[in-house]
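Please look over the sequence and the model shown here before reading on.

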Amino acid sequence: MRFITVKNYEEMSKKAAIIIAAEVLKKEDCVLGLATGSTPVGTYSRLAEMCDAGEIDFSKTRSVNLDEYVGLDVENDQSYRKFMNVNFFNKINIDINNTNVPNGCAEDLNKECERYDALIESMGGVDIQLLGIGVDGHIGFNEPDSEFVMGTHHVTLDESTIQANARFFDSENDVPRSALTMGMKAIMNAKQILMIANGKGKKDILMKALYGPVTPEVPASILQLHPNVTVIYSEE
C-alpha cells in the first residue's frame, strides 16, 4: 500500500488524475471504476482538462460506477447517473453507452444487482477503482456490517451516511434511505485501487481502516488485503 499525504485538495485531485490518466494511456479500453460525492469532483475536472488538451483519449474507455440511490431516476439532480454526466461524462469524449451506473429504479432490485455483477465480469473486471471513504469507513455504500457482502446488493444507509449526504438535498428528509452498491468482490478484484480522502475529519477513520484490524465493522479495512492500493490524503 502506498500512502501519499499532500497539502491540499487541488494537489490531491491532480495526483489522482495523473494515476487514472496513466491507466487510460496504458490501456485505451480500460475499465474505470468510478465514485461520486464531493471528493472526486476535482479529479474529474482535472481529467476533463487533460482530455480537452488532447493529453488523454477516453473514446474507447469503459466505466462502472460504485453505486446509485434507490428511487432516483436518471434525470433527478441528485441521482449518481446525473452527477456523473454533469461532472465528468459530458466533459470528455467517452461513449456514453460505455458508461454504467446501477439502476436504482429497476422493478426487481435483486435482478439488477445480479445484472450489474454479470456486466462487470463480462468486461473483465475493473482495471482501476476510484474510492472515497465515509466517516464510518464505508466504501461505495458498503456500510458497517457483521460481514463483508461480496456481490452488488441493496443496502439500507446508515444514519451517519444520510446526515453526511443531506448537504446535497433540500433537507435530510429528502435523502434516500437505501441504495444499490457494488460489493466487495468487484472492488477487491480490481487490478488497482485508488482511494482519495480530503480533510482532517477523515484522518481518524483512515488510520483505523488502513492500520487497524480487518473487520466488516470498518468496511474499508478490507483494502489492507489488496496487493495494489494507493491512498492520497489531503489534510486541508
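How many bridges join β6 to strand β9 (residues 192-198)? Four bridges join these two strands, which run parallel. The structure is a predicted model, in which local features need pLDDT of at least 70 and side-chain atom pairs count only at pLDDT 80 or more, whereas totals for chains, interfaces and linings use all residues. Residues are numbered from 1 along each chain as its sequence is written, and side-chain values use heavy atoms, with hydrogens and water left out.

**Overall architecture**

- The protein chain contains seven helices and ten strands; helices (H or I, at least four residues) and strands (E, at least two) are DSSP runs, numbered from the N terminus.
- The radius of gyration, taken over C-alpha atoms, is 16 Å, close to the 18 Å that the globule rule (2.2 Å times the number of residues to the power 0.38) gives for 236 residues, so the chain is as compact as a globular protein of that length.
- Along the principal axes, the C-alpha atoms of the protein chain fill a box of roughly 45 × 40 × 35 Å.
- Of the 236 residues, 56% count as buried; buried means under 20% relative accessible area, exposed over 50%, and partly exposed in between, with a 1.4 Å probe and protein chains only.
- Among the contacts (heavy atoms within 4.5 Å) with a separation of 6 or more, 78% come from residues 24 or more positions apart.

**The seven-stranded sheet**

- An open sheet of seven strands is ordered β1-β10-β9-β6-β2-β3-β5, with parallel pairing; two strands pair if DSSP finds at least two bridges between them.
- Strands β1 (2-6) and β5 (99-100) are at the edges with a single partner strand each, so one side of each has no neighbour in the sheet.
- Strand β2 (residues 31-34) is joined to β6 by two bridges and the two run parallel, with glycine 33 opposite glutamine 129 in β6.
- Glutamine 129 also stands opposite isoleucine 193 in β9.
- Six bridges pair β9 with β10 in the parallel sense, and leucine 194 stands opposite threonine 230 in β10.
- In a regular strand, side chains alternate between the two faces of the sheet.
- Strand β6 (residues 128-131) is covered on both faces: Ile128 and Leu130 are buried on one side, and Gln129 and Leu131 are buried on the other.

**The three-stranded sheet**

- A further open sheet, of three strands, has the order β4-β8-β7 and antiparallel pairing.
- Its edges are β4 (67-69) and β7 (153-156), each with a single partner strand, so one side of each lacks a neighbour in the sheet.
- Strands β7 and β8 (residues 178-181) run antiparallel and are joined by four bridges, and valine 155 is placed opposite alanine 179 in β8.

**Nonpolar cores**

- A nonpolar core is a set of buried Ala, Val, Leu, Ile, Met, Phe, Trp, Tyr and Cys residues joined through side-chain atoms within 4.5 Å.
- The largest nonpolar core has 32 residues, of which Ile139, Ile187, Met195 and Leu223 touch the most other members.
- The elements giving two or more residues to this core are α4 (109-122), α6 (184-188), β9, α7 (203-211) and β10 (229-234).
- A second, separate core of 29 residues includes Ala16, Ala48, Cys51 and Leu194.
- Beyond its neighbours within four places in sequence, isoleucine 187 is in contact with residues including Leu66, Leu131, Ile139 and His226.

**Selected polar residues**

- Histidine 226 lies in the loop between α7 and β10 and counts as buried, at 7% relative accessibility.
- The side chain of histidine 226 reaches the backbone oxygen of alanine 190 at 2.6 Å.
- Glutamine 224 lies in the loop between α7 and β10 and is partly exposed, with a relative accessible area of 28%.
- The C-alpha atoms of glutamine 224 and alanine 209 are 8.1 Å apart in space, and the two residues are 15 apart in sequence.
- Glutamate 112, in helix α4, counts as buried at 7% relative accessibility.
- A polar atom of the glutamate 112 side chain lies 2.9 Å from the backbone nitrogen of asparagine 103.
- Leaving aside neighbours within four places in sequence, glutamate 112 is in contact with Pro102, Asn103, Ala106 and Leu180.

Definitions and conventions
A polar contact is a pair of N or O atoms within 3.5 Å; within protein, one must be able to donate a hydrogen and the other to accept it, and residues adjacent in sequence count only if both atoms are side-chain atoms.
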